[in-house]
Amino acid sequence: MSSKYYKYIFVVLVYRNTGDLEDLTKNLGEKFESGKYRVIVVNAYFDDDTKSESERISNECDADFINVPNKGYSYGNNRGIEYALNNYEFEWLIVANPDTLVEKFDETVLSHTDTVVIAPSVVNLNGKRQNPMMKKMSPFKERLVYKGCRKDKPFYMYCGIAWGKAVNAFTVCKKHKKEKRLKEIAMAHGSFVIFSKAVFDILGLPYDENMFLFGEESVLARRLAEKNIGTYYTDAIKVRHKEDGSMKFEKGNISKNLRDANIYYYEHYVKG
């Protein structure tokens, strides 16, 4: 028996922020034709109440629902992607945070058949543009951030972040050879990432499950570059990011997660 086909699969990882999930599923229903897309809700378990609420919302919008241990962004999204690959045929898979809303989706920009990752225009509620996250990889920036995290000296980390912003400001992106509305970049923001199906045939599951939170974008950028898979920015697709929908529930360990993620990333993907 053949798997059911959808043009778009959305993988949405939820940790307690069920209100955001409800907003996103309604938004997708308004933006996409029924039968053209499928939502897979991945609930990172916190308690039975939030699990039941996530499952209720999923049932109401006819989404698939899977419950997994709360082992972070990479683990949860990999389980959703794995589920999609095992159960459906599709052209594009979109990893979307529940606290995002699609404002514009010009699918003609996705009409080519290349093996690519697409980074849409992502803007937060304060008007800050979050894509391209990095137009060009900067070893100097990564070294400063790593030094700041390893030595617990925020000054170096902030200097690295500032250097990265300067690199972004002065880098001119090349246009895609087929689709001129796509511009090649190094790194996509993790809140809304569009993968062509062929990416998984080459890369397998894209995220490193040793990382709980933060740094996923850097790992993905390195892994894609290693396989010569292009990442492209487009403003033909626009997303509003309410931001930190699940992180607002975290207390006391965000700085530790950030430090640990940057150290792990640098020592496993950059150093040497």
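Three helices, α4 (139-150), α5 (154-170) and α8 (254-270), each contribute at least two residues to the lining of the second largest pocket in this predicted model.

- The space in the second largest pocket comes to about 160 Å³, and its lining is made up of G148, C149, D152, K153, P154, M157, S255, L258 and R259.
- Of the elements that contribute to this lining, α8 gives the most, namely three residues.
- Sorted by class, the residues that line the second largest pocket are four nonpolar, two polar and three charged.

**D152, a lining residue in a loop**

- D152, one of the residues that line the second largest pocket, is placed in the loop between α4 and α5.
- The backbone of D152 has a positive phi of about 55°, although this residue is not a glycine.
- D152 counts as exposed, because its relative accessibility is 52% and the cut-off for that class is over 50%.

**Backbone features in two other loops**

- R16, which belongs to the loop between β1 (4-14) and α1 (18-31), also has a positive phi, near 75°, in a residue other than glycine.
- With a relative accessible area of 24%, R16 is classed as partly exposed, since buried would require a value under 20% and exposed a value over 50%.
- The peptide bond that runs from N131 to P132 is cis, with an omega near -5°, and P132 itself lies in the loop between β6 (116-124) and α4.

- N124 is found in strand β6, and its relative accessibility of 4% places it among buried residues, for which the cut-off is under 20%.
- When residues up to four places away in sequence are left out, N124 touches Q130, R240, H241 and E243.
- With E243, one of these contacting residues, N124 makes a polar contact from side chain to side chain at 3.1 Å.

**Points to keep in view**

Methods: Residues are numbered from 1 along each chain as its sequence is written. This is a predicted model: local features need pLDDT of at least 70, side-chain atom pairs count only at pLDDT 80 or more; totals for chains, interfaces and linings use all residues. Side-chain values use heavy atoms; hydrogens and water are left out. On a 1 Å grid over the protein atoms alone, a cavity is a set of points where a 1.4 Å probe fits but cannot get out, and a pocket is an open set with protein on both sides within 12 Å along at least five of seven lines; lining residues have an atom within 4 Å of a point. Grid points are joined across faces, edges and corners, and a volume is the space filled by probe spheres set on the points. Helices (H or I, at least four residues) and strands (E, at least two) are DSSP runs, numbered from the N terminus. Ala, Val, Leu, Ile, Met, Phe, Trp, Tyr, Cys and Pro count as nonpolar, Asp, Glu, Lys and Arg as charged, and the others, Gly among them, as polar. Buried means under 20% relative accessible area, exposed over 50%, partly exposed in between (1.4 Å probe, protein chains only). A polar contact is a pair of N or O atoms within 3.5 Å; within protein, one must be able to donate a hydrogen and the other to accept it, and residues adjacent in sequence count only if both atoms are side-chain atoms. Contact means heavy atoms within 4.5 Å.
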